[in-house]
Each structure stands twice: as C-alpha cells, then as structure tokens.
Amino acid sequence: MKTKIERLSSEQEAEVSVWRDRYWDIGTCTDPIDRAKAADAISRMYGFIGKEQPIFVWCESPFTSSLAVSVLRSSLSISLWDSLQDSLRDSLWDSLWDSLSISLWDSLSISLWDSLWDSLQDSLSISLRDSLQDSLQDSLSSLLRSSLRDSLRDSLWDSLQDSLSISLRDSLWDSLRDSLRDSLPDLTVWGSAVWWLCFYRFCGYIGVRYSEEAALKLALYEQFACSAFWAWPYAEICIVSARPNCLRWTKKYGVLHCDGGPAVQFRDGWTLWYLNGVRVPQWLAETKDVDLAPARICQCKNAEVRREFVRKVGLDRIYHALGAMLIHEQTVTLATPYSEAWSCRYRLCEMRCGDNVRRRVLEMPNPSLPGVLHVEYVPVQCETVEQAMNFRLNRSEEDVDDDAGADWFLHGDVIIVPEQAGRLKRWPARIA
Amino acid sequence: MKKRTDKRLAEGEATGHAHVAQAEDAEVFGDGFERRLAAPTGTTISHEEHGKISLPVGNYRISRQREIDPDTEEIGSVAD
C-alpha cells in the first residue's frame, strides 16, 4: 500500500509560494483571449459528456456575454431555447466537475495526511480564493445582473422618454426586467477559479496520483483558465467571455482597488471602479480626494460606498465642511474576535449638506478594519447613542434588559438573535 | 422558509461579500433581509472583511440593521 505523504520536503515547501504566484498570475492575466485554446478545451469538455463541439459566440466581457444570452433567448422560440438550455450546465457540472472533484478528493485522501492537506489548503488556496473568487468572481456575477438591467433600462428609457407614456414605459421596463431576470444564466465555467486548480496541481507535483481521466479533465480546465475568462455552456452553443484588459488590486492576494481609475476594464469598454474591494461610482474612484466635495456624502446611499467616501475624504474634513454638531457620544467595551475588551466609541452627530435637510448620523469604528469608520443615518429624533442603536436594531427601550436579557450578536450589519429570545442585553455579546 | 444551499445569512451588493454559517450541520432558511439559522452544534460565522464569530448551539433570527434615508425619511435595512 502506498504511504501517505505526511510532510513536504524543504524543496517542496519552497515551491509553495512559487505555485501560488503562478496561479495568481493565471487568474489575474489580462492578455487577450486565446480562442483556439479555449475552443479546444471546451470542445473536449463537451466530448466528455457526449456532446458535439458547440458553436462558439466570442464576447469581450461577461457583460456582452450576458447580453448575447439574452438576445439569443429572445430570438428563439421558447421550446428551442429550452432545448438549447437543456440542462447542459447541469450535465457539464455533474458529469465533469462533480465526478472530477470526487476523483481528485479520493486521490488526495489516499495520499495526504489530513494535517498536510489542511496546511496546503491554507497556504495554497485560501489567499487565491479570497482574492479571485470572493473579490472578483462573486462581485462580478452579482453585479452583472443589476448592471445589465440598469444599462438596458437607461438606454430604453432614453430612447422612449419623449414618445411613450409613463404607463407604457413602465410596462415595457417591467417585461424587459422580468425577461432578463429569467434569462441571465448562472456563470458556470470560471477561468479565474484557479485557487482549487492550484491546490490539486500542487498535490500532483508532490506525488498524489490522479486517474488518467481526472488528470486530463484538470488539464482541460487549466487550459481554459489560461486562455479565457468565463463560459456559458449550452447545448450546441457556448458563449465565451474574454479576459479583462485591466485588473488592479490593493496588493497581491488583496482586493480590487484603484484610487484614480478603473479597477476592472474589459476590451469592449465595460468598466468597474473599486475602492478597497467596494464597487463605487466612477466619480468617487477617479476624483482626487482633495477635489471631492464633502457634501457628496449625501449621494452615497450604500453604506459600504459611504464608508469608502469617508475613508477617502476623511471624517474630520466632512464634519468640518458640513458644520457637524456632536449630539451625544458613548464609549462601550465590547468583545470582538480579536479582543475581549475592545473600546468602541459611538458618536451621534448632525450635519447638513447645504440643502437644509437635517442628517443625523451614528458614527462607529469598524471592529474588524482598524481605522475605518462608518456613519449611518438615524432619525433626527434620536438624542442619545442608545436611542440611535435601538432604532438601528428595530427595538424599543422596553426590549432591553441588561440583567436577564438574552445574548445576541452583531456581524457587520447582520443582527443575530436567539429565536425564542424576548428581551435582549443592550450591547452584543460579540461584535465583528 | 426555503432552505438555502449557500448557508448565507446576508450578502453585500457593493462587494459581493457574504456572511456565511460554517458548521456542516448549520442550516439557513429564507431570502431577503429576514432569515433563520439553525445551528444544532453551534457555528462560526465568516465574512471576507469581518472577523469570525462563534455562536452557541441554538436557532437564530437573522435581520439587518436599519437606516433612515434623510431625504425621503424612508426607513429600510442598511444597503451595503
């Protein structure tokens, strides 16, 4: 029986960072698409599930790829579309990736001790996954739907606003929105999902033996990852997106970020702006901090975008420019994942953005991001930090019982309360 | 409430980040801002930007903090 690999040799240990960097480079590559290589990889994947080589529709970004799917869907009869869709995603996933992962997993469990497995996952996969999957894939895929809808809505409205009645516009928009919501597919083949490729390929390098079929499927996946960005596989048709031509990060293995320009740009012009991993409007990313008018904080309806505005402009400058008044402040000691006694200073302030609207905000530090401050709007009737907190938590003072109340938790803006709890303690048992 | 396969308690619009229950036997139910979490052996909650917190055994109500829009005075869950 083959001996399990218990630890890496010093030579192999030295290779870990080399491999991780190699796959970071693959996942963040901004070269033009290599159509021949991508088509070959996808055709052979189709072959694995008994499908003919599809017709390829090449697009320059996930955005135009989604448009292509929508156009395709709207131009085909429902029955033809259904047959095209025909669960190829499920087939491809079930037949190719599920079987592949089971096969790879089996090989690994035979060959690697758990401790080495965990350690390799930590050192090889986590940083890649956090950056490439969480920062890039997840944000792009959630954005695609809203962005596509917004663009179509705007252009449609622009073209129709002079000639159609409001009711007709609304009904057109509604039907278009509904059609898009139904037609946008899940993204299924990710060129940038290299974090797990890196893990399995490295395990192969240190001696884990995969079946011939699993090794070939891995190689095909890697061939795709090295040549294109994402693919939408359907029966007979496969829509493939090219890679971006610009990707900017806070640092290697960091989050998407560019202060002064786009963080993500594709060759067809689809552009996204990010500050510290938060998707922000173009004006916030591209305007110099000293040129940003503090009153523009009023335009930041999203709490994370507002956080980045505050981080870029500076809260002192905002308060000074907007004549902020301190209404109340309170410092409480809370438990965080990093400290059992974190001193958290809440400040209740009121400011005006030159429009005579009273804006009362509760300011608080982020327990997980040192130095980062949040300001969130509360009603002007709130006179104390405790009242502001009660509003934010949707509770009244009668719901608070610091002696017999239940423990509860705050994770970002997410409130976690025991289901049967009546009264609650005033402050969370733990905050992150 | 429908059981979620992603075990997400909430997700952010501007970042794509999510608050996720990590325990194998943890179950999350529902959509939108109101969800339920069942953690028969307790669970940790993770998020890309926030530190992990551990929850003891139990069932939980999940909701989002509220915010007011000073321009319209509409009250809603914090959009992030």
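Two residues are in contact if their C-beta atoms, placed from the backbone, lie within 7 Å. This is a predicted model, in which local features need pLDDT of at least 70 and side-chain atom pairs count only at pLDDT 80 or more, while totals for chains, interfaces and linings use all residues. Residues are numbered from 1 along each chain as its sequence is written, and chains are lettered from A and ligands numbered from 1 in the order in which they are written.

Chain A is assigned domain 1 (10-243), domain 2 (247-286) and domain 3 (291-431), with bounds from an automatic or database domain assignment. The centres of domain 2 and domain 3 of chain A, taken over C-alpha atoms, are 27 Å apart. Five residues of domain 2 of chain A are in contact with five residues of domain 3 of chain A. On the domain 2 side, four of these residues are nonpolar, one is polar and none is charged. Here Ala, Val, Leu, Ile, Met, Phe, Trp, Tyr, Cys and Pro count as nonpolar, Asp, Glu, Lys and Arg as charged, and the others, Gly among them, as polar.

Helices (H or I, at least four residues) and strands (E, at least two) are DSSP runs, numbered from the N terminus. The axes of helix H2 (residues 35-48) and helix H9 (residues 212-225) of chain A come within 8 Å and cross at roughly 145°. Axes are lines fitted to C-alpha atoms, for helices over the stretch in contact, and angles run from 0 to 180 degrees between N-to-C directions. Residues making this contact include Ala41(A) and Phe48(A) of H2(A), and Leu220(A) and Phe224(A) of H9(A). By class, the contact of H2(A) with H9(A) has seven nonpolar, one polar and three charged residues.

Chain A also holds an open sheet of four strands in the order S10-S11-S12-S13, with antiparallel pairing; two strands pair if DSSP finds at least two bridges between them. Its edge strands, each pairing on one side only, are S10 (325-334) and S13 (373-378) of chain A. Strand S12 (residues 358-365) of chain A pairs with S13(A) over six bridges, and Glu363(A) stands opposite Val375(A) in S13(A). Helix H13 (residues 385-392) of chain A lies across S10, S11 (342-352), S12 and S13 of chain A, at about 80° to S13(A).

In chain B, Val78(B) lies in the segment after strand S10 (75-77). Val78(B) is buried, because 21 other C-beta atoms lie within 10 Å, and a residue counts as buried at 20 or more. Leaving aside neighbours within four places in sequence, Val78(B) is in contact with residues including Ala303(A), Glu376(A) and Glu67(B).

How values were computed. Buried ≥ 20, exposed ≤ 12 C-beta atoms within 10 Å, placed from the backbone.
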